[in-house]
Amino acid sequence: MTEQRRPFAHDAVLSMEADGDVGAPGATITVALCGHWDHEPPCPLAPHHTAAARVDGEVRLRTLFVVEPARESEVRARIRAALQAGAIVSGDGRRARWRLCSDGASSVREEEADHARHLG
């Protein structure tokens, strides 16, 4: 019997130049989880969504994902490794850079529950 997928959240704080592309770290996460940022759905390992916002000179990321609980640590490890890499080259050859300051597991918020359900 296949284990039921559940929603999870992962937060990260990055240091990035003021003109850096805040979408780039999310693209890096997608590459780590799906093989490329531009792929046909569904995501093969963990359907996900990453939101990024600049707050007080930092970039704060929040990734919602759904996966079988037995694979949660694998997904988190892939997210962390992608963010620790600190760079990605876009399709047009531009390089985005950042430094991972902190990251870790977080609870899915009540207001995110519907979004998380729609992921998987």
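## Helix packing and an aromatic pair

Helix α1 passes helix α2 in a right-handed crossing, a term used if the near helix is turned clockwise from the far one by less than a right angle, anticlockwise being left-handed. This is a predicted model, in which local features need pLDDT of at least 70 and side-chain atom pairs count only at pLDDT 80 or more, while totals for chains, interfaces and linings use all residues. Residues are numbered from 1 along each chain as its sequence is written, and side-chain values use heavy atoms, with hydrogens and water left out.

The axes of α1 (residues 24-34) and α2 (residues 72-85) come within 9 Å and cross at roughly 135 degrees. The two helices are therefore oblique to each other, the word for angles that are not under 35 degrees (roughly parallel), over 145 (roughly antiparallel) or 65 to 115 (roughly perpendicular). Contact, meaning heavy atoms within 4.5 Å, involves Pro25, Thr28, Ile29, Ala32 and Leu33 of α1 together with Val75, Arg78, Ile79, Ala82 and Leu83 of α2.

A search of the whole structure finds one aromatic pair, where pairing requires ring centres within 6.5 Å. Phenylalanine 8 and phenylalanine 65 form this pair, which is stacked, with 5.5 Å from centre to centre and 25 degrees between the planes; stacked means planes under 30 degrees apart, whereas over 60 is edge-to-face and the rest tilted. The partners lie 57 residues apart in the chain, in the strands β1 (residues 6-15) and β3 (residues 58-67).

Technical notes
Axes fitted to C-alpha atoms, helices over the stretch in contact; angles between N-to-C directions. Helix = DSSP H or I, 4+ residues; strand = E, 2+ residues; numbered from the N terminus. Phe/Tyr/Trp six-rings, centres within 6.5 Å; stacked < 30°, edge-to-face > 60°.
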